[in-house]
Amino acid sequence: MAMEARTAATPRLTPRPAGAKSTAPAASPAAAPPAAIPRTAIDPPTPPLAAAEIGCTGLHKSYWKGALSVPVLKGVDLQVRGGEFLAIVGQSGSGKSTLLHLLATLDRPDAGEVHFGGRRIDSLPAAERDRLRNRDLGMIFQFYHLLPELTTLENVLAPALIAESTWGYWRRRHAYRQRAAELLDLVGLAHRLRHRPRELSGGEMQRAAIARSLLCRPRVLLADEPTGNLDRETGAQILQILVELNRRENLTIVMVTHDPWVAAQADRTVTLRS
Amino acid sequence: MYKLLLCWRYLRTRTIALVCIVSVTLGVATMIVVNSVMAGFTHEMQARLNGMLGDLIFESRSMDGAADADAHMRRIRELAGGDIEGMSPTVHVPALMYLDVGGQLLTRQVTLVGIDSDTYASVSQFGEYLQHPANRSGLGFDLRDRGYDVVDHQADDPARVKERTAMREAGWGYRRMKHLMRQQNEEHRRRLAAAGGAAAPQSAGPTLQDPFAAAAPPAPEEGETFDPSREQHTGIVVGIGLCGFRAADGSDQFVALPGDDVRVSFPKASLPPEAISEFYTIVDFYESKMNEYDSSFAFVPLQQLQRSRGMIDPQTGVGKFTSIQIKLRPGVAADAVRDRIRDAFPAQLYMVSTWRDKQGPLLAAVQMETAVLNVLLFMIIAVAGFGILAIFFMIVVEKTRDIGILKSLGASGNGVMGIFLGYGLSLGIVGSGVGLVLGLAFVARINEIADLLGRLTGQPVFDPSVYYFYRIPTMVVPFTVGWIVMGAVAIAVLASVLPARRAARLHPVQALRYE
C-alpha cells in the first residue's frame with residue numbers, strides 16, 4: 001500500500017518525516033488540480049513527531065475474516081500540522097475510515113504508533129483514550145450518528161454530559177447550554193434546538209453533528225466522509241463550515257473523502273492506495 | 001449524567017420494556033396480597049390459640065392428675081416468679097355431652113375443663129369470648145336472666161353481621177318457658193293416656209317425649225324436688241360450635257341455648273374407672289372463632305369437677321389438677337421460662353410446654369404454606385426477570401449504533417453498562433413500586449373486592465360458614481413488604497447485568513458500522 005501526498009501550491013512528499021514539518025501553507029481551496037507525485041511510504045524510520053499535531057508511523061491493521069487475515073493498512077505514515085486542513089482520499093476499501101478510526105483511538109493498530117500533541121496515544125489505557133476522544137478529538141461521520149432519543153440541543157451537549165458527573169453538569173449546565181446554543185447558531189441551526197434528529201434534514205443533522213464535535217473545544221476534528229450522504233449543494237455548505245472553522249479558529253481537520261472535488265477544498269490531500 | 005438522561009428516555013420511548021414491568025408489578029402485588037392475608041390469618045389464629053391457652057402449660061402426664069396445685073404453683077413461682085403474671089390450675093377430662101333437641105339426643109365428644117373462675121381470667125382471654133356482657137367482665141357459672149349478645153361482639157363491623165335472633169330469648173325466661181311447655185306436654189299426655197289407652201303416646205310423636213324421662217331424674221338438691229323453673233344445675237360454658245352451626249347464608253342456628261340442661265358423662269379418677277353422668281345447665285357460650293376449640297371444649301367449675309371425679313383427698317381436702325395454665329409478663333421469652341420450669345420437675349411426671357409447642361404442627365403447617373407460596377410467587381418474578389433479560393438483549397442490539405456513538409464521544413465501557421443497569425434498576429423500581437401500591441390497595445379493599453366478586457359470580461369468595469371470620473383478616477408486615485420489593489428490584493437489576501455487559505464490550509468501530 002502506498003501513500004501519496006500533494007499540496008495545492010507546492011507538491012511535496014509528505015509521508016517522509018522531513019517533509020512533514022515543512023508542508024506548504026494553506027492554499028486556496030479552489031486551486032487547480034495539481035500534479036500528483038507517487039511515492040512509496042513503506043518501512044519508514046520512526047520520525048520525530050514533535051511538530052505534528054496528530055500523526056502516525058508504520059501503521060498496520062488487518063481484519064480477520066474467519067481464519068483469513070485481510071490486511072487493510074500496511075505501514076502508513078502521516079503527519080498533520082496544527083491548523084492544517086488535510087484531506088485523505090482513496091478508493092472504497094482502501095482503509096481511509098480505518099485510518100481515521102485508528103487516529104481517533106476507536107481501534108488499536110496491529111503495529112505502528114499514533115501520536116497526538118507529541119505523545120503516543122494508541123497504547124494509552126482505555127480511560128485516557130476515552131478522555132481524549134471526549135475532549136481533544138472531535139468526530140463527525142457520514143451518517144451523522146446523532147442519538148435519536150435526544151433533541152438537537154441534547155445531542156450537541158452529549159460530550160459534556162459524558163465528561164461531567166451529574167452534579168458537575170448540573171452546576172455548569174447554563175454555561176454548557178449557552179455554548180451549545182452558540183455552536184448551533186454558528187452552524188445555522190438556532191431554530192432547531194428542540195427537534196429530534198428524525199425531524200431534521202441530512203444537512204441539518206450534519207450541522208448538529210459538527211456542533212456536537214466542537215462542544216468540548218477539540219484540537220483536532222476528524223471527519224469521516226462528512227458530505228458522503230449529502231447532495232452537492234448541501235455538501236458544499238457543510239464543507240464551507242469546515243473551511244471557515246479551519247480558517248477562523250485555526251482548527252486542525254483531517255477529512256476522509258472519496259470525492260476529488262471535496263478533497264480539493266482542503267489545504268493538502270493525501271491518497272491512500274492499495 | 002448521560003446515563004440518567006438516556007435511562008429516562010429509553011424508559012419513556014420503549015413500550016416493550018413497560019410490558020415486562022407488568023409481570024414484575026403483578027408478581028409483587030400478588031406476593032404482598034398473599035403474604036398479608038396469610039399473616040392476617042396466622043395473627044388471628046395465634047391470638048385465638050394463645051387466648052384459649054396460657055402462655056405456658058404445666059401438665060401432669062397422668063389423666064387423673066397430680067395433687068396439690070398450690071404447692072406446685074408455689075414452686076413455679078420460686079423458679080420464675082418475676083416473669084409470671086398469673087397462674088390457674090385446671091382439670092382436663094374427655095367427656096361425652098348429650099343435648100336434647102326436640103326429643104332427640106345429640107351426642108357430642110368434648111374435653112371437659114374444670115376452671116377456677118377467680119384465676120382463669122388472669123391467664124387467658126377466655127372471658128372475652130363469652131356471649132353475655134356481664135360474664136365477660138366477671139365470669140360466673142350462674143344463668144343470667146337475659147341480655148345475651150344478639151350481635152356478635154367480636155365482629156369488626158357489626159352492621160355486616162347476621163343477628164342471632166335465638167339468643168334474644170336465652171336465659172331464665174327461656175328456661176321457665178321450656179319447663180312450662182314440658183309440664184303441659186306431660187299433662188296432655190297423661191290425659192291422653194287416661195282417655196285413650198296405649199295408642200296415645202305413639203301419636204304424640206318423639207317431640208313430646210321428655211328425653212330425660214328415661215334417665216335418672218335430676219339430682220334433688222338438699223333433699224328437695226328439683227324445680228327447673230327456679231333452679232339450675234351447675235353451670236357449664238359450652239363452645240358455640242357444640243350447640244350451633246353456621247348456615248350457608250352466614251346466619252347462626254342453635255340446637256341448644258343458655259338455659260337448657262345438658263347431660264355430661266366422664267370417667268371418675270379411680271380404679272377401676274367408672275363412668276359417671278351429671279346434669280349441667282348451659283349458662284353461656286364461648287366463641288374463640290377457632291373451630292377446633294369452639295366445637296370441642298366445655299368449661300365447668302373446677303371444684304365441682306374435682307368433687308365429681310373424686311379428685312379431692314377425703315383426709316386433707318386437697319384437690320388434684322391435671323394442668324396449670326401460666327400467663328407470662330409481656331416480653332418474657334417463653335422458651336427460657338419453660339426450660340427453667342421443665343428442669344426443676346421430674347420429666348416422667350410432668351410436661352411443660354409453651355402454647356406454640358402445643359400448636360406446633362398447626363403453626364408449622366401455616367408457616368410452610370406461606371413459605372411454599374412465597375417460593376412459587378417469587379418464581380413468577382424470576383420469570384419476569386427472564387423477560388427483562390430477553391427484552392434487554394433486544395434493546396442492546398437495537399441500540400448498537402447508539403452505543404458506538406457514545407463510545408466515539410468518549411463514553412467508557414462502564415458508563416455504557418451503567419445505562420443499562422440503571423435502566424434495569426428503574427424498571428425494577430417502577431414495576432415493584434406500582435406493584436406495591438396495587439398490592440396495598442388490594443389488601444386495604446380486599447373484603448369489598450371479595451364481595452364484588454361474589455356478587456358477580458354468584459359464588460361467595462369468602463364463605464363465613466367455612467371460616468369463623470366474617471371478613472378476610474389481613475396484616476401488612478412492613479418487613480416482608482420491604483423484602484418483596486427489594487427482591488423484585490434485585491431480580492430486575494440482575495437480569496440486566498448480562499445485556500449491559502454485552503453493551504459495554506461492544507467494539508466501537510463495529511458498533512458504528514452496524515446497520
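**Figure 1. β3(B) and β8(B) pair in the antiparallel sense over three bridges.** Strand β8 covers residues 261–267 of chain B. B:L96 faces B:S265 of β8(B). Two strands count as paired if DSSP finds at least two bridges between them. Strands (E, at least two residues) and helices (H or I, at least four) are DSSP runs, numbered from the N terminus. The model is predicted: local features need pLDDT of at least 70, side-chain atom pairs count only at pLDDT 80 or more, and totals for chains, interfaces and linings use all residues. Residues are numbered from 1 along each chain as its sequence is written, chains are lettered from A and ligands numbered from 1 in the order in which they are written, and side-chain values use heavy atoms, with hydrogens and water left out.

**Figure 2. β3(B) and β4(B) form a hairpin.** The strands run antiparallel and are joined by 12 bridges. β4(B) spans residues 104–115. Two residues lie between the strands. B:G102, in the turn, has a positive phi of about 55°. B:V101 stands opposite B:Q104 of β4(B).

**Figure 3. β3(B) also pairs with β12(B).** Six bridges join these antiparallel strands. β12(B) comprises residues 323–328. Here B:S88 is opposite B:Q325.

**Figure 4. Chain B meets chain A.** Contact (heavy atoms within 4.5 Å) involves 25 residues of chain B and 29 of chain A. The two chains bury about 2400 Å² between them, with 63% of it on carbon and sulfur atoms. In chain B, the residues losing the most area to chain A are B:M1, B:R9 and B:L409, together 27% of what that side buries. Buried area is the accessible area (1.4 Å probe) that two parts lose on being put together, summed over both.

**Figure 5. A salt bridge links A:E154 and B:R9.** The N to O distance is 2.5 Å. The interface holds two salt bridges by the rule, which asks for a side-chain nitrogen of Lys or Arg within 4 Å of a carboxyl oxygen of Asp or Glu. Elements giving two or more residues to the side of chain B that touches chain A are α1 (2–13), α14 (400–408) and α18 (508–513). α1(B) supplies the largest share, seven residues.
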